[in-house]
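Reader: I'm new to protein structures. Could you walk me through this one, feature by feature?

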Amino acid sequence: EPKLAGIALGAKGVVLAESFYAPTWLRMCHAAKVDNWVAARAEQKWKHDVMGVFAAYPSAERVVYRKLIGVDMGPPRLPQMPFPEAQYDSLIAELDSFGFFNQTVPTPCKL
C-alpha cells in the first residue's frame, strides 16, 4: 500500500481502485495528518490483510458489491475466473471478521 508513503512524502491526493477502501484511506490520512503514524500504519495493515482475503477468492471484489449495494456486477471478463458461488458465505464471513462491512467513514481528509 504505497499511499501512506505518499502522504509522508507530501502527496496531495490518491486514486482508489475500489471505492470500498475509501473509509480506511480516510482514516489513514487523518491519522497521518495528526502525526499518529502508529494508527496510520494500523490502517495500512488492515487494508493489506483485507486484500489478502480478496486475493484468496477469484473475482471477489465484484461479488462484494452485491453485499454492499445489492448490485450483481455479473461475471468478470476473461482471463479472470468467475467467483465460485459456493464460497460466498465464506468470503463474507472472512471480510466480516475484519469489520469490513462496519467501517466508519470519517470526514474528508485534505492533504
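Author: Let's go from the overall fold to single residues.

Author: Some ground rules come before that. This is a predicted model, where local features need pLDDT of at least 70, side-chain atom pairs count only at pLDDT 80 or more, and totals for chains, interfaces and linings use all residues. Residues are numbered from 1 along each chain as its sequence is written, and side-chain values use heavy atoms, with hydrogens and water left out.

Reader: What is the mean pLDDT of the protein chain, and where is confidence lowest and highest?

Author: pLDDT is the predictor's confidence in each residue, from 0 to 100. Here the protein chain has a mean of 86, and 97% of its residues reach 70 or more. Confidence is lowest in helix α1 (residues 3-8), with a mean of 84, and highest in helix α5 (residues 88-97), with 94.

Reader: How many helices and strands does the protein chain have?

Author: Helices and strands are DSSP runs, numbered from the N terminus: a helix is H or I over at least four residues, and a strand is E over at least two. This protein chain has five helices and zero strands, so the pattern along the sequence reads α-α-α-α-α. Its C-alpha atoms fill a box of roughly 45 × 25 × 20 Å along the principal axes.

Reader: How do I read "buried", and what share of the protein chain counts as buried?

Author: Buried means under 20% relative accessible area, exposed means over 50%, and partly exposed is in between (1.4 Å probe, protein chains only). Of the 111 residues in the protein chain, 33% count as buried.

Reader: And which residues have the most contacts inside the largest nonpolar core?

Author: A nonpolar core is a set of buried Ala, Val, Leu, Ile, Met, Phe, Trp, Tyr and Cys residues joined through side-chain atoms within 4.5 Å. The largest one has 18 residues, and Phe54, Val64, Leu91, Leu95 and Phe100 have the most contacts inside it. Helices α3 (37-55), α4 (60-69) and α5 each supply at least two residues of this core. Apart from it lies another core of 10 residues, including Leu4, Ile7, Leu26 and Met28.

Reader: What is phenylalanine 100 in contact with, leaving aside neighbours within four places in sequence?

Author: Contact means heavy atoms within 4.5 Å. With those neighbours left aside, phenylalanine 100 is in contact with Phe20, Tyr21, Trp46, Val50, Phe54, Val64, Leu68 and Leu95. Across the protein chain, among contacts between residues at least 6 apart in sequence, 67% join residues at least 24 apart.

Reader: Let's follow phenylalanine 20. Is it buried or exposed?

Author: Phenylalanine 20 counts as buried because its relative accessibility is 6%. This residue lies in the loop between α1 and α2. Beyond four places in sequence, its contacts include Glu61, Tyr65, Phe100 and Gln103. Phenylalanine 20 and tyrosine 65 are 45 residues apart along the chain, with their C-alpha atoms separated by 8.7 Å.

Reader: Which residue near the other end of that scale could we look at? Is methionine 81 buried or exposed?

Author: Methionine 81 has a relative accessible area of 54%, so it is exposed. You'll find it in the loop between α4 and α5. Leaving aside neighbours within four places in sequence, methionine 81 is in contact with Pro58, Ser59 and Pro76. Serine 59 is 22 residues from methionine 81 along the chain, and their C-alpha atoms are separated by 6.8 Å.

Reader: Where is serine 59, and what is its phi?

Author: Serine 59 sits in the loop between α3 and α4, and its phi is positive, about 60°, although it is not a glycine. With a relative accessible area of 11%, serine 59 is buried. Aspartate 35 also has a positive phi, near 60°, in a residue other than glycine. Aspartate 35 is in the loop between α2 (22-33) and α3, and at 59% relative accessibility it counts as exposed.

Reader: Which peptide bond is cis?

Author: The one from leucine 78 to proline 79 is cis, with omega near 15°. Proline 79 is in the loop between α4 and α5.
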